[in-house]
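Reader: I have a structure open and want to learn how to read it. Can we go feature by feature?

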Amino acid sequence: MAIKLVVSDIDGTLIDGTEAIAPELIEAAQKCKEHGVVFSFATGRTKELVARLVKTVGITSPYVISNGACIFQEEKCLVSHNFSVEPILSIIRRADAEGLTVTLSDERTERALRLTDYVKEHQKFGDRFQNFIDLDKHDWKNARFVKVMFMDEHHTGKIKAFREELKRDFGQQYWITTYADAAVELGPCGCNKMTGVKELMELLDVRQDEVMACGDFENDMEMVEYAGVGVAVDNACDSLKAKADYVASKPYAYGVVEAIEKYCFGGV
């Protein structure tokens, strides 16, 4: 089995909170390219939040964003799955009124409803939350999104009730994933990183057994289980490690580089 496509999650897999890309990862991605192996991303981030990393790593091939809802190549959107939030608008309003951070993403941009502590913290990076959505003036009837996030950055426990309500009443209408006691994300029904990787494979004419997928958390589970080689970095959650074909001995990008060397270039 020869790996022809390496797909990696970003947050928690390639980078920590500093958002710095390890030079070793850039070198590994370049080595992949020189040997005819595509290195790509499968991330929950939107186009604007992945642009700097795409440039830094030198990715010119298509990549998956918004948890499988979209595929971009440079500035061109090759695949897009979107949805209306009208059915959950009352929940969005309640979450906002209770002080949770609510963000909505289209194919290119993630916007928040208001300036919260989470938004302030992320504005420091300079590439996000430059514009806001007005709950009362937005055209909700015609608007389409690829992802909605409810964030309880202060861990007040409020997110639990919203998570349970969304899963109970809208679990068949949206793809829903959770991040411990901090956040809930909604995407298009039937879309996740695995479906995004499948569409990426079709674009690149790559087989399942020729794919290596790397991740760290439960929203990477489907693609890690699906790939010919599923990799969990050392800092990954236990549930993902249990499903992975290979658990790296190193965390973050160093673990991804370790797996690339092992499965793409025959390293130890």
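Reader: Which residues of β11 are buried on one side, and which on the other?

Author: This is a predicted model. On one side of β11 sit Val211, Ala213 and Gly215, and on the other Met212 and Cys214. They are all buried, and both faces of the strand are covered.

Reader: Which strands pair with β11?

Author: Start with the general idea. Strands of a sheet pair through backbone hydrogen bonds, either parallel or antiparallel. Now the case here. β1 and β11 pair in the parallel sense over 4 bridges. Leu5 stands opposite Val211 in β11. β12 (229–232) also pairs with β11 in the parallel sense, over 4 bridges. There, Gly230 in β12 is the bridge partner of Ala213.

Reader: What does the chain pass through from β11 to β12?

Author: Follow the chain from β11 and you meet helix α7 (residues 221–226), then β12. This β-α-β crossover is right-handed.

Reader: In what order do the strands of the open sheet lie?

Author: Read it as β7-β6-β8-β10-β9. These 5 strands pair in the antiparallel sense. β7 (110–112) and β9 (174–179) stand at the edges with a single partner strand each, so one side of each has no neighbour in the sheet. On average, neighbouring strands are turned by 20° against each other, direction ignored.

Reader: How many bridges join β9 and β10?

Author: The two strands pair over 6 bridges, in the antiparallel sense. Tyr174 stands opposite Pro188 in β10. Helix α5 (residues 159–170) packs on this sheet and touches β8, β9 and β10. The direction of α5 makes about 155° with that of β9.

Reader: Now the nonpolar cores. Which residues have the most contacts inside the largest one?

Author: The largest core has 61 residues, and those with the most contacts inside it are Leu14, Leu25, Phe39, Phe41, Met212 and Ile260. Helix α9 (residues 252–264) gives the most to this core, with 6 residues. Look at Phe41. Beyond its neighbours within four places in sequence, its contacts include Val7, Leu14, Val50, Leu53 and Tyr63. There is also a second, separate core of 26 residues, which includes Ile88, Val102, Leu104 and Ala143.

Reader: How many salt bridges does a search of the whole structure find?

Author: It finds 18. Take the pair Arg45 and Glu19, where the closest N and O atoms are 2.6 Å apart. Arg45 lies in the loop between β2 (38–41) and α2 (47–57), and Glu19 in the loop between β1 (5–8) and α1 (23–34), so the pair ties together parts that are 26 residues apart in sequence.

Reader: Are these two residues buried or exposed?

Author: Buried. Arg45 has a relative accessible area of 5%. Glu19 has 8% relative accessibility. Both also belong to a network of salt bridges that links Asp11, Glu19, Arg45, Arg52 and Arg128.

Reader: What about the salt bridge between Glu75 and Lys47: what is its N to O distance?

Author: That distance is 3.1 Å. Glu75 lies in the loop between β4 (70–73) and β5 (76–80), and Lys47 in helix α2, so this pair ties together parts that are 28 residues apart in sequence. Glu75 counts as exposed, at 56% relative accessibility. Lys47 is buried, at 7%.

Reader: Which strands hold Lys147 and Glu185?

Author: Their side chains meet in a salt bridge (3.7 Å, N to O). Lys147 lies in β8 (residues 147–151) and Glu185 in β10 (residues 183–188), so the pair ties together parts that are 38 residues apart in sequence. Lys147 is buried, and Glu185 is too.

Notes
Residues numbered from 1 in each chain as written. Predicted model: local features only at pLDDT ≥ 70, side-chain atom pairs only at ≥ 80, totals over all residues. Heavy atoms only, no water. Salt bridge = Lys/Arg side-chain N within 4 Å of Asp/Glu carboxyl O. Buried < 20%, exposed > 50% of the residue type's maximum accessible area, 1.4 Å probe, protein only. Pairing = 2+ DSSP bridges. Axes fitted to C-alpha atoms, helices over the stretch in contact; angles between N-to-C directions. Contact = heavy atoms within 4.5 Å. Core = buried A, V, L, I, M, F, W, Y, C linked by side-chain atoms within 4.5 Å. Right-handed = clockwise from strand over helix to strand, strands pointing away.
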